[in-house]
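Subject: Structure handover

Hello,

Here is the structure for you to look at. My notes on it follow below.

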Amino acid sequence: WPVRTDHHQYPPSKVMSVADEKGNLQTGLIVNSLIASGSVIAGAEVTGSVLSLDVHVGRNAVITNSVIMESVVIGENAKIKNAIIDKQVVIPPNARIGYDAQADRQKFVMTTSGIVIVAKKEEVK
């Protein structure tokens, strides 16, 4: 039987440098990560993570050891660590996920091993 899949046509992923408030250039950085088509890393740092299609990461954001699903927007200065963010979630600027276990348990689902799971289309505050 043939396997038929739906392949979205996105532009290539883009890593760019952006200027901060003082005019200093912040370079986007990707270390040991997989970044899918359509994703934009704008002066942010992504380490040991997987970013799916059409993920936009804002200036000075830090993503570490996480899986970010399709069509997620991560605001500037947001910090995400040891998390799985499902599709179509908007992470607001300055949000912190994966840094305070007690706060994360109140807002999201957390596995016994400490991985934070943010559900599809969930409103993050």
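Predicted model: local features only at pLDDT ≥ 70, side-chain atom pairs only at ≥ 80, totals over all residues.

**Contacts of Val67**

Leaving aside its neighbours within four places in sequence, Val67 is in contact with Val50, Ala83, Ile84 and Ile85, where contact means heavy atoms within 4.5 Å. Val67 lies in strand S11, residues 67-68; strands (E, at least two residues) and helices (H or I, at least four) are DSSP runs numbered from the N terminus. Val67 counts as partly exposed because its relative accessibility is 30%; buried means under 20% relative accessible area, exposed over 50%, and partly exposed in between, with a 1.4 Å probe and protein chains only.

Residues are numbered from 1 along each chain as its sequence is written, and side-chain values use heavy atoms, with hydrogens and water left out.

**The chain as a whole**

The chain has 1 helix and 18 strands. Its radius of gyration is 15 Å, close to the 14 Å that the globule rule gives for 125 residues, so the chain is as compact as a globular protein of that length. That radius is taken over C-alpha atoms, and the rule is 2.2 Å times the number of residues to the power 0.38. The C-alpha trace spans about 55 × 35 × 25 Å along its principal axes.

Of the 125 residues in the chain, 35% are buried. Among contacts between residues at least 6 apart in sequence, 23% join residues at least 24 apart. The chain exposes about 7,500 Å², and carbon and sulfur atoms supply 52% of that area; accessible areas come from the Shrake-Rupley method with a 1.4 Å probe, and for residues only the protein chains shown count as cover.

There are 13 positive and 12 negative side chains, and the centres of the two sets lie 2 Å apart. Lys and Arg count as positive and Asp and Glu as negative, with His and the chain ends not counted. The place of a charge is taken as NZ of Lys, CZ of Arg, CG of Asp or CD of Glu.

**The loop between S5 and S6**

Gly38 and Ser39 are both worth a look here. Ser39 is found in the loop between strand S5 (34-35) and strand S6 (40-42), and Gly38 has its place in that loop too. Ser39 is buried, because its relative accessible area is 0%; Gly38 is also buried, with a value of 7%.

The side chain of Ser39 reaches the backbone oxygen of Ser52 at 2.9 Å. Not counting residues up to four places away in sequence, Ser39 touches Pro12, Ser13, Lys14, Leu51, Ser52, Leu53, Asp54 and Val55. With neighbours within four places left aside, Gly38 is in contact with Tyr10, Pro11, Pro12, Ser13, Asp54, Val55 and His56. Gly38 and Ser71 are 33 residues apart along the chain, and their C-alpha atoms are separated by 9.2 Å.

**Met16 and Ala42**

Met16 is found in strand S1, residues 14-16, and Ala42 in strand S6. Met16 counts as partly exposed at 27% relative accessibility, whereas Ala42 counts as buried at 11%.

Beyond four places in sequence, Met16 touches Gln26, Thr27, Gly28, Val40, Ile41, Ala42 and Gly43. Ala42 and Val18 are 24 residues apart in sequence and 6.3 Å apart in space, C-alpha to C-alpha.

Asn60 is found in the loop between strand S9 (56-57) and strand S10 (62-64), and is partly exposed, with a relative accessible area of 30%.

Asn65 is not a glycine either, and has a positive phi of about 45 degrees. Asn65 lies in the loop between S10 and S11 and is partly exposed, with a relative accessible area of 45%.

Regards

Technical notes. Polar contact = N/O pair within 3.5 Å; in protein donor to acceptor, adjacent residues only side chain to side chain.
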